[in-house]
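The following note sets out some points for a colleague who is examining this model.

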Amino acid sequence: MEHELIIRIIELLGTFAFAISGIRHAAAKQFDWFGGYVCGVAVAIGGGTIRDVMLGTTPFWMTTPIYLLCTAVALLTVAFFGKWMEPLKNAWFVFDTLGLALFTIAGIQKSLAFGQPFWVAIIMGCITGSAGGVIRDVLLNNEPVIFHKEIYAMACVLGGIVYWGLFYFGLSTELSAIISFVVTCLIRFLAVKYHLALPVLKEKK
């Protein structure tokens, strides 16, 4: 019970941080409150919605209003306390990374529960963690961050591969999930700290 509570708290913190990131980007483009809320929702539930539709099940946010309410709180936070939030950008980054890793694991486990093979589950985990940011960037008419910044979606993929390997060699689901969670977070933290990125494609002339 305590383990489930911790996961739910991290999940909500991740949702809140995701929503904050979408709303702050919308604020930079001077969107109104509704536009900011839409961008926040896109990041917070976009990836999980795509995953659930592809799995043929009811999108997770339609079973409880907590995610939409969490996004509303994020909107009010940015609207009224935005100017005091800049010094906290490192804290938001940590929550965002925790959410990214947790949503990746959630996507993998839900896909496996629906009988999907592991290679599909890893893709679903990546979609759950990173697709919301792509939707946000499209709404804001920006180039998606995952295509040109530090390792982000690849952290989800690598974390999923670790989960697969550990589970294949007989580790329990819980231990595999915990180690994969830690690996995903470490990859993301190190990528940002040391500006690690995949090689850039260059057109040969």
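**Notes on the predicted model**

1. Of the protein's 205 residues, 42% count as buried, buried being under 20% relative accessible area, exposed over 50% and partly exposed in between (1.4 Å probe, protein chains only). This is a predicted model, in which local features need pLDDT of at least 70, side-chain atom pairs count only at pLDDT 80 or more, and totals for chains, interfaces and linings use all residues. Residues are numbered from 1 along each chain as its sequence is written, and side-chain values use heavy atoms, with hydrogens and water left out.

2. The protein contains seven helices and zero strands; helices (H or I, at least four residues) and strands (E, at least two) are DSSP runs, numbered from the N terminus. Along its principal axes, the C-alpha trace spans about 55 × 50 × 30 Å.

3. Among contacts (heavy atoms within 4.5 Å) between residues at least 6 apart in sequence, 70% join residues at least 24 apart.

4. The count of disulfides, defined as pairs of cysteine sulfur atoms within 2.5 Å, comes to zero. C156 is in no disulfide, and the nearest cysteine sulfur, that of C126, is 4.9 Å away. C185 is likewise in none; its nearest cysteine sulfur, that of C156, is 10 Å away. C156 counts as buried because its relative accessibility is 0%, and C185 counts as buried at 6%.

5. I178 lies in helix α7 (residues 173-193). At 44% relative accessibility, I178 counts as partly exposed.
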